[in-house]
Amino acid sequence: LFNEVPGSFGAWMTPLEQIAEDEPIAEMGFDAPNNIGIIIIGWLYGEGDFGKSICIATNCGEDADCTAGTLGAILGIINGNKKIDEKWLKPLGGNIKTLCIDKTYNLEFSLPETTEQLTDRVLNLTPQFLGSRICDYINAEKGYDINIDENNLYCRPHRFTPWREKSFLDVLRQSPFVVKIQNILFNVYVDYVNEPYVNEGEPRRIIISIENNLQHQQWLEVKWHLPEWWDISQKSVSVFLEQYQKSPDAKAEFIITPRELTGARHDAIVQIKSVGHHTQVVIPLTFYTTPNPNINSCKDQTECIQYEEVYS
């Protein structure tokens, strides 16, 4: 497990000279496969015993608080408190102990103090989240029935227009370089197409897709604000959004050519206005000069410092 899908937490506090050259270490942020493996180890070798299971997961090391916590939650959901020894329950007493929430920040927001309060809130919100077609919430005080239908619970589509449906699968199909901005009038999807790096004089595409959130047609004005000397195929365009009953989305493509790349970071703005409405959307975009593989070749010391600040 630790060779095939290594973690990274064990390397955090280990001096570099104590880490062997051939020791497998994951990139920071890629610990989920290792965590899942440790959870399964504790689950299997714990033989159904709550304490034994979470201790095995903890003793595997790496991201121990998450692996033991996740496994403990799974076993608690499956078996309930009756299968958890009192020595694990009594120290907490059902209270939520955390340093992750600042209770002095928003005094108007009521936070659950116990696991029972948190569970009750989740159960009360479940019918609203799932909807009446899946969850019957008429007799919520006595409990409710959930229609466990895989087709309804898995990536359930929603009606986008009278003729089209959308689901979470549509989000997964998007490029990883798409940024979504939601607005009461329309939703905007800005597609960088690829990584946000630019090179001197090298054109790159930006695709902007817009969805109409109103029942009637809209005319939009899309205007770019770019760094000085940069070129663009269309600095300002008009976009027409059809009404809800037809095809309420539109797409515009732009070609940007960077010039005079004197720094490492370059900021641009896309301004979108709906004609006849006060609301407008201002979208900041950030580009970076492609990292120089050889910092020593910088033209001057200032440029080297700029590269080191961003890419070191």
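Predicted model: local features only at pLDDT ≥ 70, side-chain atom pairs only at ≥ 80, totals over all residues.
Trainee: Fine. What is in the chain overall, and how much of the chain counts as buried?

Mentor: There are eight helices and 14 strands. The chain has 312 residues, and 30% of them count as buried.

Trainee: Let's take α3. How do you know what span to expect for this helix?

Mentor: Helix α3 covers residues 64-79, which makes 16 residues, and the expectation rests on 1.5 Å a residue. That gives an expected 22 Å, and the reach from the first C-alpha to the last is 22 Å, close to what was expected.

Trainee: Which residues of α3 are buried?

Mentor: Ala 64, Thr 67, Ala 68, Leu 71, Gly 72, Leu 75 and Asn 79.

Trainee: Why do you say these buried residues line one face of α3?

Mentor: Look down the axis of α3: the buried residues fall within an arc of 125 degrees, so one face of the helix is lined by them. Turned away from that side are the exposed residues Asp 65 and Ile 77.

Trainee: What covers the buried residues of α3?

Mentor: The cover includes α1 (32-45) and α2 (50-59).

Trainee: Can we zoom in on one residue? What makes Leu 71 buried?

Mentor: Leu 71 sits in helix α3. The cut-off for buried is under 20% relative accessible area, and Leu 71 has 0%, so Leu 71 counts as buried. Leaving aside neighbours within four places in sequence, Leu 71 is in contact with Ile 39, Gly 42, Trp 43, Ser 53, Ile 54 and Ala 57. The C-alpha atoms of Leu 71 and Phe 50 are 8.9 Å apart, with the two residues 21 apart along the chain.

Trainee: And why is Asp 63 called buried?

Mentor: Asp 63 lies in the loop between α2 and α3. With 7% relative accessibility, against a cut-off of under 20%, Asp 63 therefore counts as buried. Beyond neighbours within four places in sequence, Asp 63 is in contact with Phe 9 and Asn 35.

Trainee: Back to the helices. How are α1 and α2 packed?

Mentor: Their axes are 8 Å apart and the angle is about 145 degrees. The crossing is right-handed. On the α1 side the contact is made by Ile 38, Ile 41, Gly 42 and Tyr 45, and on the α2 side by Lys 52, Ser 53, Ile 56 and Ala 57.

Trainee: How many of those contact residues are nonpolar, polar or charged?

Mentor: Five nonpolar, two polar and one charged. Gly counts as polar here and Tyr as nonpolar.

Trainee: Which residues of α2 are buried, and why do we say they line one face?

Mentor: They are Phe 50, Gly 51, Ser 53, Ile 54 and Ala 57. Down the axis of α2 they fall within an arc of 165 degrees, so they line one face of the helix. Their cover includes α1, α3 and α4 (86-89).

Trainee: One from a strand, then. What makes Val 281 buried?

Mentor: Val 281 lies in strand β14 (residues 280-289). Its relative accessible area is 7% and the limit is under 20%, so Val 281 is buried. Not counting residues up to four places away, Val 281 touches Ile 181, Asn 183, Phe 186, Val 270, Gln 271 and Ile 272. The C-alpha atoms of Val 281 and Leu 185 are separated by 9.7 Å, though the two are 96 residues apart along the chain.

How values were computed:
Residues numbered from 1 in each chain as written. Heavy atoms only, no water. Helix = DSSP H or I, 4+ residues; strand = E, 2+ residues; numbered from the N terminus. Expected span 1.5 Å × (residues − 1). Buried < 20%, exposed > 50% of the residue type's maximum accessible area, 1.4 Å probe, protein only. Arc of directions from axis to C-beta. Contact = heavy atoms within 4.5 Å. Axes fitted to C-alpha atoms, helices over the stretch in contact; angles between N-to-C directions. Left-handed = near helix turned anticlockwise from the far one by under 90°.
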